[in-house]
Amino acid sequence: MNVLLTGGAGFIGSHLAESLLQDGHKVTIIDKFHPYYDYKRKKEQLDRIFSYANLTFCENDLLDKESCAPIFHQSFDAVFHLAALPGVPYSFEQPLEYVDEDIKATINVLTMAGEAGIPHVLFGSSSSVYGNRDGEMSEDLPIQTVMSPYAAAKVSGEAYAHMYQHVYGFQLTVFRYFTVYGPWGRPDMAIPKFIQANLKGESIDVFGSGTARDYTYIDDIVDGMRLALAHSKGNQIYNIGSGNPITIEELVQTLKEIFPDMKVNHAPFRLGDVKQTWADLTKAKRLLGYEPKHSFEEGLRKTVQWFIRHER
Ligand SMILES: Nc1nc2c(ncn2[C@@H]2O[C@H](COP(=O)(O)OP(=O)(O)O[C@H]3O[C@H](CO)[C@@H](O)[C@H](O)[C@@H]3O)[C@@H](O)[C@H]2O)c(=O)[nH]1
């Protein structure tokens with residue numbers, strides 16, 4: 001297939017690009033190297049796939065519709081829209097930047113895809129849209145009560161996606177990812193931060209207690225997206241997670257088995273953090289045959305091994 005991918009220099013995007021290229025798809029990436037985290041890291045993420053002949057890279061800003069529109073008119077079979085400002089805490093500092101990067105840019109992608117007649121739009125959303133809830137989160141829950149500007153922007157992105165699906169008639173797939181980790185993990189997230197602190201012999205800061213996350217290994221996330229590209233199931237929202245919430249205390253304990261000397265500082269809860277996430281995977285399993293393959297212990301070990309190799 002001929003696939004357009006926004007945000008291909010990011011953590012999830014670069015893994016997806018690599019997997020699509022390995023499968024023999026033609027991939028065009030649009031990314032502007034937003035400085036949310038290190039440019040060097042994003043460059044490295046791209047460097048590892050630059051040798052594929054069927055990859056095209058466009059350094060363009062999705063907010064500049066005029067420069068991007070011609071790219072969309074290249075007979076794509078599908079567009080994955082993963083470009084976004086991620087992360088909860090920064091969204092309180094710069095809420096308007098999230099309106100630009102996560103809402104306005106999404107409107108541009110949806111309208112450019114629609115105008116170009118791209119038949120399938122696949123949008124990267126987040127489990128953050130569920131807000132604070134107990135128990136498993138299924139796709140049909142209402143999503144009006146979010147906890148951060150980031151989550152509000154993702155809810156809005158989803159709303160625009162459904163609305164433009166109606167206008168243009170493309171097939172729409174929405175992915176709600178649950179806290180993703182693995183090699184090349186985003187440096188602002190808990191697991192990469194904790195591993196890096198240990199490798200430097202520094203103590204880790206743990207915000208709050210008793211929170212839990214449905215940590216999902218990056219390869220499982222990519223599997224979910226590949227399945228949705230391959231199987232046409234109409235307009236759908238899918239949770240892509242592990243279905244196995246891990247408390248912050250369990251995360252710290254599992255890391256202590258790897259880094260016995262780890263020192264922990266306890267800090268207050270962070271504004272905007274939800275208490276728990278837990279993916280109900282019934283729909284992704286039933287419609288796509290999705291099955292997460294990595295246990296938390298295995299995924300964490302692989303992630304630590306990667307950081308050790310990479311940071312050396
Ligand atoms: N980042 C970070 N998190 C910490 C720390 N200490 C404790 N935590 C806790 O560790 C959990 C995971 O935090 P993150 O790794 O930052 O991920 P997240 O809050 O689940 O949010 C990420 O996942 C979403 C999908 O569910 C993503 O959409 C989003 O991009 C986001 O970064 C949260 O309960 C957070 O409070 C710390 O020092 N740093």
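## Ligand surroundings and selected side chains

An oxygen atom of the ligand lies 2.7 Å from a polar backbone atom of Asp205. The protein covers 94% of the 710 Å² of accessible area that the ligand has on its own. Two elements give two or more residues each to the shell around the ligand, namely helix H7 (190–199) and strand S8 (204–207). The model described here is predicted.

The shell around the ligand comprises 24 residues. The closest of these are Ser127, Tyr150, Thr179, Arg213 and Asp273.

Aromatic residues form a second topic. The structure holds 18 aromatic pairs. One of them joins Tyr90 and Tyr98, whose ring centres are 6.1 Å apart. The planes of these two rings stand at 55°, so the pair is classed as tilted; an edge-to-face pair would need an angle over 60 degrees. Tyr90 is partly exposed, with a relative accessible area of 22%, whereas Tyr98 is buried, with a value of 1%.

Tyr90 and Tyr98 belong to one aromatic cluster, together with Tyr36, Tyr37 and Tyr150. Tyr150 is also listed among the residues closest to the ligand.

The cysteines are considered next. A search of the whole structure finds zero disulfides. Cys58 is in no disulfide, and the nearest cysteine sulfur, that of Cys68, is 8.3 Å away. A disulfide requires two cysteine sulfur atoms within 2.5 Å. The closest cysteine sulfur to that of Cys68 is in Cys58, and the distance of 8.3 Å is too far for a bond. Both residues are buried: Cys58 has a relative accessible area of 15%, and Cys68 has one of 0%.

Asn60 lies in the loop between strand S3 (55–58) and helix H3 (65–72). With a relative accessible area of 18%, Asn60 counts as buried, because the limit for that class is under 20%. The side chain of Asn60 makes a polar contact of 3.1 Å with the side chain of Ser67.

Phe269 is found in the loop between strand S13 (264–267) and helix H10 (282–288). Phe269 counts as exposed, at 53% relative accessibility, whereas Asn60 is buried. Phe269 and Thr211 are 58 residues apart in sequence. In space, their C-alpha atoms are 9.2 Å apart.

Conventions. Residues are numbered from 1 along each chain as its sequence is written. This is a predicted model: local features need pLDDT of at least 70, side-chain atom pairs count only at pLDDT 80 or more; totals for chains, interfaces and linings use all residues. Side-chain values use heavy atoms; hydrogens and water are left out. Rings of Phe, Tyr and Trp (its six-membered ring) pair if their centres lie within 6.5 Å; planes under 30 degrees apart count as stacked, over 60 as edge-to-face and the rest as tilted. Buried means under 20% relative accessible area, exposed over 50%, partly exposed in between (1.4 Å probe, protein chains only). A residue is near a molecule or strand if one of its heavy atoms lies within 4 Å of it. A polar contact is a pair of N or O atoms within 3.5 Å; within protein, one must be able to donate a hydrogen and the other to accept it, and residues adjacent in sequence count only if both atoms are side-chain atoms. Accessible areas come from the Shrake-Rupley method with a 1.4 Å probe; for residues, only the protein chains shown count as cover. Helices (H or I, at least four residues) and strands (E, at least two) are DSSP runs, numbered from the N terminus.
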